[in-house]
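Welcome! Please take a first look at the sequence and the 3D structure shown here, and keep them open while you read.

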Amino acid sequence: MTVVKSTVDLDWENLGFSYLKTDYRYVSYWKNGEWDAGALSTENTVTISEGSPALHYGQSCFEGMKAYRTKDGDIQLFRPEENAKRMAKSCERLMMPAFPVDKFVEAVKEVVAANEAWVPPYGTGSTLYIRPYMIGIGDNIGVRPASEYLFSVFVMPVGAYFKGGLVPTNFIISDFDRAAPHGTGAIKVGGNYAASLMPGALAKQRHFSDCIYLDPATHTKIEEVGSANFFGITHDNEFVTPSSPSILPSITKYSLLYLAEHYLGMKVAERDVYLNRLDEFSEAGACGTAAVISPIGGIQTNEDFHVFYSETEVGPVTEKLYATLTAIQFGDLPAPEGWVVKVTA
Ligand code: PLP
Ligand code: COI
């Protein structure tokens, strides 16, 4: 397809996190045991069989990543192979055919380059959100894996996910679980998010940003903060993040573990975070591609409301972590080997 670059004029500083139709998406179909060549498309709707397993049995998975505009006007991706590898794990668990890692990264680059005009300017704080997904399609009715698959990548410019960006917001502990102890919590499948809709809505009804999920087996340990991972900073400056087989292994979280240790000289640990020991932390936050780093002001439990650093001010360590991570993502600080992949528009 001949790519026609559009010009786009948006209020880049004030974008929320909402769907916006951009010019091109990548589409590839799997049939008779192989992926087709894949191509860009200008069509933002999908027509599939009413029997598609994605529609009835949740055979669907996705990824979330971003493209960043640097000061020089270049465009770069942050650790895209990690998203490709995580998606392959999601596919394996749902009996879907993985999309090859190198082809995944090439598809992402191609879509971002074709939608170059939609990549927010450097300095606006906004980025191009990238959503790869795969669904099981084709005529079917029994509970079995699909006979055909669609892999697609679409993009849109976004601003802050939680209101206010680097401003603390409050969260509430959910009595519901998003995943089971030996279920699908560690992969990025649609069903986990369907299960999170009601707990999330209940939290928002009570004016919290989102809910926090506890470990599904004992309900004593923190697992996830809505669609983001949790981290806390102890009083002796250790970066701590929960360890559990039902947490989504956040690429942002693993990046922060590395940066905290190697760029900021902190001690780091992945271990249990007990709800009744929140006072071990002087700061806490949520981290993820969409959330970036979002400071947690306080957490409402069934017993009380626990404030970490402040309900209105970001803590100094959280601020330093945010500055380091985003400086690497936007190309202002040298990245560890292999973390940044340039897109040539
Ligand atoms: N946890 C959940 C449930 C998520 O949906 C996400 C978003 O992808 C994350 C954590 C953060 O992961 P990442 O940093 O790889 O975006
Ligand atoms: C992300 O951080 O990329 C997510 O997938 C979170 C959410 C929008 C589902």
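What follows is a short briefing, from the whole chain down to single residues.

This is a predicted model, in which local features need pLDDT of at least 70, side-chain atom pairs count only at pLDDT 80 or more, and totals for chains, interfaces and linings use all residues. Residues are numbered from 1 along each chain as its sequence is written, chains are lettered from A and ligands numbered from 1 in the order in which they are written, and side-chain values use heavy atoms, with hydrogens and water left out.

**The chain as a whole**

- The chain holds six helices and 18 strands; these are DSSP runs numbered from the N terminus, with helices being H or I of at least four residues and strands being E of at least two.
- The radius of gyration is 20 Å, close to the 20 Å from the globule rule for 345 residues, so the chain is as compact as a globular protein of that length. This radius is taken over C-alpha atoms, and the globule rule is 2.2 Å times the number of residues to the power 0.38.
- Along its principal axes, the C-alpha trace spans about 55 × 50 × 35 Å.
- Of the 345 residues, 54% count as buried. Buried means under 20% relative accessible area, exposed means over 50%, and partly exposed is in between, using a 1.4 Å probe and protein chains only.
- Among contacts with a separation of 6 or more, 72% are between residues 24 or more positions apart; a contact means heavy atoms within 4.5 Å.

**Strand β12 and its partners**

- All seven of the seven residues of strand β12 (residues 228-234) are buried, so the strand is largely enclosed by the rest of the structure.
- β12 pairs with strand β15 (residues 281-288) in the antiparallel sense over six bridges, and N229 stands opposite C287 in β15. Two strands pair if DSSP finds at least two bridges between them.
- Strand β11 (residues 222-225) runs antiparallel to β12 and is joined to it by two bridges, with V225 opposite A228.
- β11 and β12 form a hairpin with two residues between them, and G226 in the turn has a positive phi of about 55 degrees.
- Strand β13 (residues 238-242) also pairs with β12 in the antiparallel sense, over two bridges; here G232 stands opposite V240.
- The hairpin of β12 and β13 has three residues between the strands, and N237 in its turn has a positive phi of about 70 degrees.

**Strand β7 and its partners**

- In strand β7 (residues 127-137), 10 of the 11 residues are buried, so this strand is largely enclosed by the rest of the structure.
- β7 and strand β8 (residues 148-158) pair in the antiparallel sense over 11 bridges, and I137 stands opposite E148 in β8.
- Strand β4 (residues 60-62) pairs with β7 in the antiparallel sense over three bridges, placing F62 opposite Y133.
- β5 and β7 run antiparallel and are joined by three bridges; A67 has L128 in β7 as its bridge partner.

- Helix α5 (residues 251-262) and helix α6 (residues 316-329) pack at an angle of about 110 degrees, with their axes 10 Å apart. Axes are lines fitted to C-alpha atoms, for helices over the stretch in contact, and angles run from 0 to 180 degrees between N-to-C directions.
- α5 and α6 are therefore roughly perpendicular to each other. Angles under 35 degrees count as roughly parallel, over 145 as roughly antiparallel, 65 to 115 as roughly perpendicular and the rest as oblique.
- T252, S255, L256, L259 and A260 in α5 meet L321, T324, L325 and I328 in α6.

**Single residues to look up**

- M95 is in the loop between α2 (80-93) and α3 (101-114). M95 has a positive phi of about 55 degrees although it is not a glycine, and at 59% relative accessibility it counts as exposed.
- V292 lies in strand β16 (residues 292-300). The phi of V292 is near 55 degrees, a positive value in a residue other than glycine, and at 17% relative accessibility V292 counts as buried.
- K71 is in the loop between β5 (65-69) and β6 (75-78) and is exposed, with a relative accessible area of 59%.
- Not counting residues up to four places away in sequence, K71 touches Y122, F330 and D332.
- K71 and D139 are 68 residues apart in sequence and 49 Å apart in space, C-alpha to C-alpha.
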